[in-house]
Amino acid sequence: MLGLLTWSFNLLNHKMFPIAKSPLYYFNSFLQQVGEVGLLFFQTFKNLFKKPWEKRIFIQQLEEIGVRSLPVVSLTAAFGGLVFGLQTYLGFHRYIGPGSETYGGPIISLGLSKELIPILVGLMVSGRVGSAMAAEIGTMKITEQIDALFSLGADPTRYLVVPRTLASLVMLPCLTIYGDIIGMAAGFFYNVYIMGVNRVLYIRNTLLYMELWDIMSGLIKSAVFGVIIALIGCWQGLRTEGGAEGVGRATTRTVVIASILILIVNFFLSKALPADI
Amino acid sequence: MIRVIDLHKSFGQKKVLQGVNLRLKHGETLVIIGQSGCGKSVLLKHIIGLFKPDKGSVLVDGVDIAKLKDDELHKVTRRFGMLFQGSALFDSMTVGQNVSFGLERYTDFSQEEIKELVKESLAKVGLIGIENLMPYELSGGMKKRVGLARAIAYRPDIILYDEPSTGIDPIRADAINELVIRMKEELKVATLIITHDMVSAYKVADRIGMLYEGQIIEMGSPEEIKNSDNQVVQQFIHGKAEGPIKNW
């Protein structure tokens, strides 16, 4: 899947068009890239339990991924919630009839917490943080800083990839739950304060039909998205070649591959995770 | 101390190393010369374990480093100090943090002791009171010296230099040469330098080896290299465009 995405990206890249390559080349490239990411995932997992733990970088990354993403997550979640509230109101009002709009509450909450917010947070963070990881590690690669780490006896995976992956794994669910609150509040605001839907019934219906699992399944998805973003960003950074142009390519690839992977993996997770427990 | 035996390495169709053999003894300074792009840095990266050979081996005190597991390899690489061509200072860290990188992670020294060792290492390369500066605030020559301070802070047995005089003016290049000699005398370390700067090579080397077409074609003292009968060596050390070397 991953290689297919990179292959599509390469095909769209104008520099690739003049060069005709055999299907076997792309198949080999696909297998190689899947292998690279698989190996990086395995090494990251293996190094999770080894000392020394890079606490300073982990805390820096918590701030970078979590705290600094709050403004963009607030905006996207708020407008996501507003537009979802708007369409839900219209749907109930038009097809079920006046008075049924109070049932929009659980629909909005369910849609936001299970699907929209985890995806929006994943896409925003892949654009903001995944690209930054690729750029930072890519620059370190081309200026031999990764080699310097190695020469000082430090494992680049343990030093660079592990703290970023862990921080991303922790912060994506945190951002998602924050986005859930903002989005649901925005949906409530639109329906109750702008369209005049009954506040008590809206809240009662939401609490009646909404389940904790709806929020939990969204958090599980966002944790998976966190690992995808960090791994793709670090992988692209570590395989950067060719100076400033290479760094630019790595950042673009990170955003494209991570975003598409998030959308694809989201579908399969929605299918695999039970509707309720 | 270090033995490179029949080392081969290719990248795609390009054969970079085609059977390199060399030996670095304790307390010796060996300089490897050769054209740009002839595989000198690739050789160095094999010695430090960054690359795995296609064929052949690199032995450090008799241990084949290509066969070591990651953790064992990192223990061996901590015996090396390496000065990179572009210094490779960590640009998100201060000078002090750069120099103390290895000490903080892999020793039991207290913070006070680490501070003293950082000061001492910087003083050895002639830099005082710059611990809190960021790498972008330093000149090219200062960066090289901080890179060297970082390499020696961990008290390595072997120091590797990748083009130490490239990119700096002749006076600073000579100052770096003096430092290389001083480090060898003070720390009693084995030194391997790769360069194409013959002035540096003659000044610091105990032995000089020339890498050409993936092999060491000549090895000897600076005097022996100067008087070599090999036309390739003569063309290179005199910096002539005319001669057997055509691929420039």
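Is B:Asp71 buried, exposed or partly exposed, and what is its relative accessible area? B:Asp71 is partly exposed, at 31%, where buried means under 20% relative accessible area, exposed over 50% and partly exposed in between (1.4 Å probe, protein chains only). The legends below describe a predicted model, in which local features need pLDDT of at least 70 and side-chain atom pairs count only at pLDDT 80 or more, while totals for chains, interfaces and linings use all residues. Residues are numbered from 1 along each chain as its sequence is written, chains are lettered from A and ligands numbered from 1 in the order in which they are written, and side-chain values use heavy atoms, with hydrogens and water left out.

**View 1. Chain A as a whole.** Chain A has 10 helices and 0 strands, helices (H or I, at least four residues) and strands (E, at least two) being DSSP runs numbered from the N terminus. Along the sequence the pattern reads α-α-α-α-α-α-α-α-α-α. The C-alpha atoms of chain A fill a box of roughly 65 × 45 × 35 Å along the principal axes. Of the 277 residues in chain A, 51% are buried. Contact means heavy atoms within 4.5 Å; among contacts in chain A between residues at least 6 apart in sequence, 85% join residues at least 24 apart.

**View 2. The interface of chain A and chain B.** In this interface, 19 residues of chain A are in contact with 25 residues of chain B. The buried area is about 2,000 Å², and carbon and sulfur atoms give 55% of it; buried area is the accessible area (1.4 Å probe) that two parts lose on being put together, summed over both. Between the two chains, 8 residue pairs are in polar contact, both residues at pLDDT 80 or more. On the side of chain A that touches chain B, the elements giving two or more residues are helix 6 (145-151) and helix 7 (156-194) of chain A. Helix 6 of chain A supplies the largest share, 6 residues. By class, the residues on this side of chain A are 8 nonpolar, 4 polar and 7 charged. A polar contact is a pair of N or O atoms within 3.5 Å; within protein, one must be able to donate a hydrogen and the other to accept it, and residues adjacent in sequence count only if both atoms are side-chain atoms. For the classes, Ala, Val, Leu, Ile, Met, Phe, Trp, Tyr, Cys and Pro count as nonpolar, Asp, Glu, Lys and Arg as charged, and the others, Gly among them, as polar.

**View 3. Salt bridges between the chains.** The rule finds 5 salt bridges across the interface of chain A and chain B, a salt bridge being a side-chain nitrogen of Lys or Arg within 4 Å of a carboxyl oxygen of Asp or Glu. One of them pairs B:Arg105 with A:Glu54, with the closest N and O atoms 2.9 Å apart. B:Arg105 lies in helix 4 (residues 101-106) of chain B and A:Glu54 in the loop between helix 2 (23-47) and helix 3 (55-65) of chain A, so this pair joins two chains. Both B:Arg105 and A:Glu54 are buried. In another, B:Asp71 and A:Arg158 bring their closest N and O atoms to 3.0 Å. This pair runs from helix 2 (residues 70-77) of chain B to helix 7 of chain A. A:Arg158 counts as buried because its relative accessibility is 13%. B:Lys45 and A:Glu144 also meet in a salt bridge, 3.6 Å from N to O.

View 4. The side chains of A:Arg128 and A:Glu64 form a salt bridge at 3.5 Å, N to O. The two residues are 64 residues apart, A:Arg128 in helix 5 (residues 104-142) and A:Glu64 in helix 3 of chain A. A:Arg128 counts as partly exposed at 26% relative accessibility, and A:Glu64 counts as partly exposed at 23%. Shared partners join A:Glu63, A:Glu64, A:Arg68 and A:Arg128 into one network of salt bridges.

View 5. In helix 1 (residues 40-47) of chain B, 7 of the 8 residues are buried, among them B:Leu43, B:Lys45 and B:Ile47. B:Gly49, with a positive phi near 90 degrees, follows this helix. The largest nonpolar core has 89 residues, and those with the most contacts inside it include B:Ile32, B:Leu43 and B:Ile47. Such a core is a set of buried Ala, Val, Leu, Ile, Met, Phe, Trp, Tyr and Cys residues joined through side-chain atoms within 4.5 Å. Not counting residues up to four places away in sequence, B:Ile32 touches residues including B:Lys40, B:Leu43 and B:Ile216. A second, separate core of 43 residues includes B:Val118, B:Leu148, B:Ile168 and B:Phe236.
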